[in-house]
Amino acid sequence: MGGVAAAVMLVSIASGLYLGLIDAMISYPRSLPGEIVVAEAGGSATMLHSSSHLGPDAADVIRKIPGVAGAHELFGRLAWLDRKGRQALVYLVGITRDSNFGLALRVLEGKARPEFDEIVIDEVLARDLGVWLGDTIKVGVVDLKVVGISEGGNAVLGTFAFVQRGTLVLGGIQEPSYVFVSVGPEVTVDEMIGRIDQEDGMHAMTRDTFRNENQALARQIVLPLIAIVVGIACAVGGAIVGLTLYTVTMERREEYGLMKALGLPDRAVLGAAFAQGGIATGAGVLVGLVLGWMLSSAVSILEPRFVTTMPAWLTLAVAGGAIVFGALASMIPVRAVARIDPALVFRV
């Protein structure tokens with residue numbers, strides 16, 4: 001039971017951490033409206049990897065395309081924040097005074113709209129840099145006052161922070177990075193993508209494509225590591241269950257021999273041996289899932305950057321996989337029982 005519980009716990013934590021990380025990377029972009037995202041042609045759509053630069057009139061050009069219901073410009077740039085020698089990568093989003101587009105998901109403390117020399121940062125970044133409301137952080141050569149602490153902007157490889165659009169203009173960012181487009185009912189998303197792609201310097205994509213591109217880097221880096229951990233956990237858990245059950249079976253081989261000598265059918269004897277594996281596996285799965293959930297919650301509290309997600313399908317998949325591995329491991333002692341000679345009970 002302990003071997004199964006340890007393997008299930010490790011697999012559930014590793015899988016939940018992976019799902020949480022890739023979901024966190026798109027938590028803020030997913031909140032923005034529109035069915036289509038327009039980026040610079042030939043550029044990257046990964047917000048925390050490189051910046052896209054559209055023309056200053058990109059949104060106006062898109063609004064004139066038949067079938068466009070709305071177009072919102074996102075002004076942003078990658079930057080390094082500095083606080084007493086500690087640095088962090090952030091994507092600065094420019095907020096205007098007359099629009100709610102682009103605001104942080106949720107504001108925990110302070111205000112959502114920064115003024116010219118102010119900034120709103122995510123709670124994870126605030127914890128990493130050791131800052132709170134009223135403190136200042138340096139962006140390039142400019143000191144900005146922290147006036148808001150938000151949540152939902154942690155993207156693992158970096159975080160989203162929010163400044164006034166004029167602050168970005170002074171930093172040389174006068175063109176939008178992306179345009180989020182809403183499509184009217186008279187045209188399909190694919191048709192609108194084709195129309196936008198005909199415009200110079202623009203590349204349109206669906207929200208799913210935009211999401212996948214922003215998650216690609218985490219998948220390439222994190223997924224192989226998680227796969228290794230899960231594979232090792234499954235192998236170790238299966239080996240522990242198989243060897244433990246085999247040892248217990250061999251210690252009781254006289255009892256199984258007596259059962260055979262008394263005339264019990266083979267299926268009853270084998271069923272008793274197989275039941276040992278089933279009980280140990282079932283109990284181990286239950287204990288492992290509970291421990292995995294508890295440790296995942298503890299990790300999220302102690303280190304908010306590492307967000308874990310435990311959907312129902314993941315719990316069922318981990319439990320199902322553990323049961324399969326336990327059943328396969330139980331075949332080891334079952335085969336040993338099948339070879340026991342009933343005459344063993346009469347030997348001295």
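The residues lining the largest cavity divide into 8 nonpolar, 2 polar and no charged. Here Ala, Val, Leu, Ile, Met, Phe, Trp, Tyr, Cys and Pro count as nonpolar, Asp, Glu, Lys and Arg as charged, and the others, Gly among them, as polar. The model you are looking at is predicted, so local features need pLDDT of at least 70 and side-chain atom pairs count only at pLDDT 80 or more, while totals for chains, interfaces and linings use all residues. Residues are numbered from 1 along each chain as its sequence is written, and side-chain values use heavy atoms, leaving out hydrogens and water.

Let us stay with that cavity for a moment. Its lining is made of Met 25, Pro 29, Thr 46, Met 47, Leu 48, Ala 155, Leu 157, Phe 160, Asn 214 and Leu 217. The volume of this largest cavity is about 60 Å³, and the structure holds 1 cavity of 30 Å³ or more. A cavity is a set of points, on a 1 Å grid over the protein atoms alone, where a 1.4 Å probe fits but cannot get out; lining residues have an atom within 4 Å of a point. The volume is the space filled by probe spheres set on the points, with grid points joined across faces, edges and corners.

Now step back to the whole chain. You can find 10 helices and 11 strands in it; these are DSSP runs numbered from the N terminus, with helices (H or I) of at least four residues and strands (E) of at least two. Of the 348 residues, 44% are buried, where buried means under 20% relative accessible area, exposed over 50%, and partly exposed in between (1.4 Å probe, protein chains only).

S9 runs parallel to S4, joined to it by 6 bridges; two strands pair if DSSP finds at least two bridges between them. In this pairing, Val 90 stands opposite Thr 159.

On to the partners of S4. Strand S3 (residues 76–83) and strand S4 (residues 86–95) are antiparallel, paired over 8 bridges, with Leu 78 opposite Tyr 91. The two form a hairpin with 2 residues between them, and Lys 84 in the turn has a positive phi of about 55 degrees. S3 also runs antiparallel to strand S7 (residues 136–139), with 2 bridges, and here Leu 81 stands opposite Val 139.

Helices come next. In helix H6 (residues 189–197), the buried residues are Met 192, Ile 193 and Ile 196. They sit on the same side of H6 because they cover an arc of only 105 degrees around the axis, the arc being that of the directions from the helix axis to the C-beta atoms. An α-helix has 3.6 residues a turn, so residues three or four places apart point the same way. The buried residues of H6 pack against helix H3 (58–63) and several strands, including S1 (36–40) and S10 (178–183).

Is Arg 207 buried or exposed? With a relative accessible area of 17%, Arg 207 is buried. Beyond its neighbours within four places in sequence, its contacts (heavy atoms within 4.5 Å) include Pro 29, Arg 30 and Phe 180. Arg 30 is 177 residues away along the chain, yet the C-alpha atoms of Arg 207 and Arg 30 are separated by 8.2 Å.

Conventions. On a 1 Å grid over the protein atoms alone, a cavity is a set of points where a 1.4 Å probe fits but cannot get out, and a pocket is an open set with protein on both sides within 12 Å along at least five of seven lines; lining residues have an atom within 4 Å of a point.
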